[in-house]
Amino acid sequence: MKIICIGRNYADHAKELKNEVPKEPVFFMKPDTALLKDNAPFYHPSFSNDIHYEVELVIKICKNGKTILPQFAHTYYEQITVGIDFTARDLQQQCKEKGLPWEKAKAFDHSAVIGRFIPLTALENKEEINFSLNLNNQLVQQGISNQMLFSVDQIIAYISRFITLKTGDLIYTGTPAGVGPVKIGDQLKAKIENELLLDFEIK
Ligand code: ZN
């Protein structure tokens with residue numbers, strides 16, 4: 001099982017990090033050891049002083065596929081949730097400045113927090129999926145899937161040109177604006193529409 005994450009998929013977030021808006025999807029990967037599930041607490045690692053939350057819609061791949069055409073991409077996922085793409089922003093900045101890969105900043109243990117999956121059929125409007133993140137009961141991030149620069153179907157088509165997708169793979173689809181740091185004691189709650197799918201603590 002692999003975890004694929006899309007970077008810079010919302011114009012407002014690309015802007016807040018002073019990144020260019022990409023002309024094709026930007027993606028990177030996390031290993032399976034990055035997963036954190038079942039609302040388990042996240043232990044703040046000591047190697048970073050600036051761990052940022054990024055709330056994202058996450059889809060689970062339900063069959064194997066290679067070079068998937070965009071018009072068939074929707075048949076490759078049936079479930080969705082919200083997740084957090086934890087990012088060591090200080091380390092990422094150092095990597096960016098040196099033109100180095102991002103793994104240290106993005107792929108560390110428990111950097112891919114995953115909520116409870118729900119079937120896409122449970123959603124009233126699959127084209128406009130609202131999601132949000134509350135930090136200590138304060139709304140900090142809010143997104144709508146139709147604001148993605150590249151839709152889930154386009155992402156699946158693009159990634160599968162390079163990498164075979166397999167059942168159980170997860171795709172984190174990028175974060176909207178409002179990212180920020182976490183500290184020990186914080187409580188994070190993420191929802192799709194009004195359904196709480198993720199609720200965990202920073203320890
Ligand atoms: Zn992200």
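Helices (H or I, at least four residues) and strands (E, at least two) are DSSP runs, numbered from the N terminus. The model is predicted: local features need pLDDT of at least 70, side-chain atom pairs count only at pLDDT 80 or more, and totals for chains, interfaces and linings use all residues. Residues are numbered from 1 along each chain as its sequence is written, and side-chain values use heavy atoms, with hydrogens and water left out.

**Exercise 1.** Determine what lines the largest cavity and which elements supply its lining.

*Solution.* On a 1 Å grid over the protein atoms alone, a cavity is a set of points where a 1.4 Å probe fits but cannot get out, whereas a pocket is an open set with protein on both sides within 12 Å along at least five of seven lines; lining residues have an atom within 4 Å of a point. Points are joined across faces, edges and corners, and a volume is the space filled by probe spheres set on them.

Step 1: the search of the whole structure returns one cavity of 30 Å³ or more, and the largest cavity holds about 110 Å³.

Step 2: its lining comprises 17 residues, with Gly-7, Arg-8, His-13, Glu-54 and Lys-106 nearest the centre. Strand E1 (3-7) and helix H2 (89-98) each contribute at least two residues, and H2 has the largest share, three residues.

Step 3: the lining divides into four nonpolar, six polar and seven charged residues. Here Ala, Val, Leu, Ile, Met, Phe, Trp, Tyr, Cys and Pro count as nonpolar, Asp, Glu, Lys and Arg as charged, and the others, Gly among them, as polar.

**Exercise 2.** Describe the surroundings of Thr-87. Is this residue buried or exposed?

*Solution.* Step 1: Thr-87 belongs to strand E7 (residues 87-88).

Step 1: Thr-87 is buried because its relative accessible area is 0%; buried means under 20%, exposed over 50%, and partly exposed in between (1.4 Å probe, protein chains only).

Step 2: not counting residues up to four places away in sequence, Thr-87 touches Asp-50, Ile-51, His-52, Glu-54, Gln-92, Ala-105, Lys-106 and Phe-108, where contact means heavy atoms within 4.5 Å.

Step 3: the side chains of Thr-87 and Lys-106 make a polar contact at 2.7 Å. Such a contact is a pair of N or O atoms within 3.5 Å; within protein, one must be able to donate a hydrogen and the other to accept it, and residues adjacent in sequence count only if both atoms are side-chain atoms.

**Exercise 3.** Which residues are the protein donors of the zinc ion?

*Solution.* Step 1: donors are N, O and S atoms within 2.8 Å of the metal (3.2 Å for Na, K and Ca); water is not among the atoms, so sites may look incomplete.

Step 1: the protein donors are Glu-54 (OE), Glu-56 (OE) and Asp-85 (OD), lying 1.9 to 2.1 Å from the zinc ion. Their sequence spacing is E-x1-E-x28-D.

Step 2: Glu-54, in the loop between strand E4 (51-53) and strand E5 (55-61), and Asp-85, in strand E6 (residues 77-85), are 31 residues apart and link distant parts of the chain. Glu-54 is buried at 4% relative accessible area, and Asp-85 is buried at 0%.

**Exercise 4.** Characterise the largest pocket.

*Solution.* Step 1: the largest pocket has about 410 Å³ of space. Among its 17 lining residues, Tyr-77, Lys-126, Glu-127, Val-152 and Asp-153 are closest to the centre.

Step 1: E6 gives the most to this lining, three residues. By class, the lining has eight nonpolar, five polar and four charged residues.
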